[in-house]
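Please consult the sequence and the structure shown below while reading.

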Amino acid sequence: MEWTGLNELREKYLAFFESKGHLRLPSFSLIPQNDKSLLLINSGMAPMKKYFTGEITPPRTRVTTCQKCIRTPDIENVGKTARHGTYFEMLGNFSFGDYFKNEVIPWAWEFFTEILEIEPEKLYITVYEEDDEAYDIWTKTVGVDPSHVYRMGKADNFWEHGAGPCGPCSEIHYDRGEKYGCGKPDCKVGCDCDRFMEVWNLVFTQFDNDGNNNYTRLAHPNIDTGMGLERLACIAQGVDNLFEVDTVQNIMKHIMRIANVEYHKDENKDISLRVITDHIRSTTMMIGDGVMPSNEGRGYVLRRLLRRAARHGRLLGIQDTFLYEIADTVINENKSAYPNLVEKRDFIVSVIKAEEESFAKTIDTGLSVLEDMLKNLAGTCLSGEDAFLLSDTYGFPIDLTKELLEERGLTVDEARWKELVIEQKNRARAAHKGAGAEAWVGSGNVTKDMSATEFTGYTSFAENTEIAAIIAEGALQRFAGAETEATLVLEKTPFYAESGGQVGDVGTISGDGFTFTVENTTKTHEGVILHHGKLTEGEVLSVGAAVTAQVKESTRRATMRNHTAAHLLQAALREALGSHVEQAGQLVNDRHVRFDFTHFSALTSEELKTVEKRVNEIILAALPVETREMPIDEAKKLGAMALFGEKYGDIVRVVKAGDFSTELCGGTHVSNTGNIGLFKIVSETSVASGVRRIEAVTGFNVMDYIDQNLETIYNTAAALKVNNPAELVSKAAAAVAENKALARELDTLHAQMAADKASEMLKNAEDLGGVRLIAQNLGKETPDALRSMCDKAKENGADIVCVFAGINEEKGTATFACACGKDAVAKGAHAGNIVREIARLAGGSGGGKPDSAMAGAKDMAKVDAALGGASEIVKALLK
């Protein structure tokens, strides 16, 4: 076969299956849509599960895709071998009850032998041992030599995951030649060596497993195939592994230029080159699909990959940020298949650079603290408490700690670290208890067979219609009684269903002798609009009843003002800050607009004024707001902004405010910017790394905001006894200055008292042979006061070791502070180790540096006993 580039292989595959009547779909986002079972898309069929289950109707019964995939279960092995990677592309062709084995098997052979011109003698086939049908198609219909077809057991050639659809599969293997083999005379397909490489898996979903291994044949079987694009490229290009494939190698060469190193010259450097190459591919694609760095979920996967790559850059001698430069090469190598990467180039580069810069600060501090911990490590296992201190206090990831320790032949007590993380999360949950909202009655699958509801709310607030269905207690009902929580489905409705950040409408549904109060409106994937609420007037309502659906107009109009304002705000932000600004989330209701956007620093007061003024200029210009539906390609030509990471159909709704703002949006809007009235930014805050949030009000809510602020000003003036509010600032400044002066006097007094107390305690210090120990419970002292006492105690001698405890009676907890003078440290004393062991005696944990450390304890009653053990703990450390 001829050498073929990865991008050309992708196109050949997709074009081939288009010629077989398949619809070519673009890759789905790496962020699973409405699927909580996955953190990231990890296979070609994963985003199409609901097509296979019948929950959603596919756009066509024949589909082909090249799907971006991320898999991270063995991330630690990436780089150590050339076989492991976290990012790959999966080619696939799918049939949803259309064709089956008689079509897909010959097509697979045709693609390999005629399109790619792979030599037939290099291809080997496996089939499930009981699948005579597939065996006969391969050997008799296609004509494959039977010596090249192997029957395999259920473990190798039968696809199933518990109960549900399942079936046999057939795998196509490529013989790479004897140089990749193990040399054994019986080396064949199924051997553990690298000679026979599995390339393409054809899954024949033809059975339903009842969960007890009883199989029923499906009336409409499906086809699900998967072939790794990088694996196929290895064959087409005659290279050993994915890191030598053309597009991947170009990325690695960019890294080599920056680091001034060569591949295959030094194994340790090769590991780092592979780590960076793989991880920058993954992270560029993830950010392109809307994943942002964070400390949990897919955001943590992204952060972990970026930080691991950044560290390996340092191992190659690269001290400055550099990953953002490599991301540019990733984009260039993939732009033909994923043009969204070019559209998001500035944003992707900005996110990576910001995360690199953040990590550069973290890693230096973390490495320093870790080195101190290792100097005094007894044994080969770092404690869970130390690992937690590194991650919680210094932002040093546990994965990086593990990797650094592994390089030195050490381990970490990860089980204890996990316990401490869980404890911390539980404390956080307790602090936010009651913050959730009650869930609505779910519609389950009861709406599955219903038609999409006709929505008339773009042009009307009321509609004469009838009740098509009633859902209560999770099931369809004929009737619903008074005060019963229920969900109504109407034949048509003016009620907007919650989506796109706009809340669902509220209002009433009234009929002959009854009124149903709608408290929220949502919709199903199939477009069935659900009106949630209860019967508040009358005794009963029934399916088929004629009704008038009336949206609460004042609430909707206020929401419309806020939604259009959100569009103007995004345009103003991009104008003021740059094109990297993207919507990262929004909430628009009748009270305010909350807009999340990508940006890497807090906005200055001048920037906020500029943005706010610009939005109000557009409002006062009274520009027409037009909405119309059009093909998505036409919308893109107009420059319409799309929601980050969102999937759109072929026909989209475009909302255009003059020439200032053009967005894809299904929400409800004012007809003229002048209808918004006024726009006022209320706050600007951070919600995540690289994501800012602006909250603003419009219309009558601006008047309310002004009234509230004026009331605050007048009340504050009265409290400060200022007759003229204009003098409020100078009066407040004088009061603050006076308070600061009093605080300084108080600090001086406290310091003197601490010094006197420390000197008094020194008289009773215990002599431990060259080291003097002070251990005392100071009662209701704060952690800051304990630190101050420790500092004062150290000033009285370099041979001092002091341990002080403070009590928090409200929480029933305690804090320990420990400090060691320079001479005491030289003799083996270590504040971090001392305070950790003392805290353990009181059910706590902590640690720190040799000369100063803090710890917390849960059992206040054991504090004195724990301090009593200080003498033996210190003695055990002394040289």
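Which residues line the second largest cavity? They are L6, E89, T247, I251, R281, E333 and N334.

## Basis of the model

The model is predicted: local features need pLDDT of at least 70, side-chain atom pairs count only at pLDDT 80 or more, and totals for chains, interfaces and linings use all residues. Residues are numbered from 1 along each chain as its sequence is written, and side-chain values use heavy atoms, without hydrogens and water.

## Cavities

There are 2 cavities of 30 Å³ or more. A cavity is a set of points on a 1 Å grid over the protein atoms alone where a 1.4 Å probe fits but cannot get out; lining residues have an atom within 4 Å of a point. Points are joined across faces, edges and corners, and a volume is the space filled by probe spheres set on them.

The second largest cavity has a volume of about 30 Å³. Helices α7 (246-259) and α10 (323-334) each give two or more residues to its lining; helices are DSSP runs of H or I of at least four residues, and strands are runs of E of at least two, numbered from the N terminus. The largest cavity holds about 80 Å³, and its lining includes R304, F359 and D399.

## Strand β8

Strand β8 (residues 196-209) is largely enclosed by the rest of the structure, because 12 of its 14 residues are buried, that is, under 20% relative accessible area with a 1.4 Å probe, protein chains only. Strand β8 pairs antiparallel with β7 (residues 164-175) over 10 bridges; pairing requires at least two DSSP bridges.

Methods: On a 1 Å grid over the protein atoms alone, a cavity is a set of points where a 1.4 Å probe fits but cannot get out, and a pocket is an open set with protein on both sides within 12 Å along at least five of seven lines; lining residues have an atom within 4 Å of a point. Buried means under 20% relative accessible area, exposed over 50%, partly exposed in between (1.4 Å probe, protein chains only).
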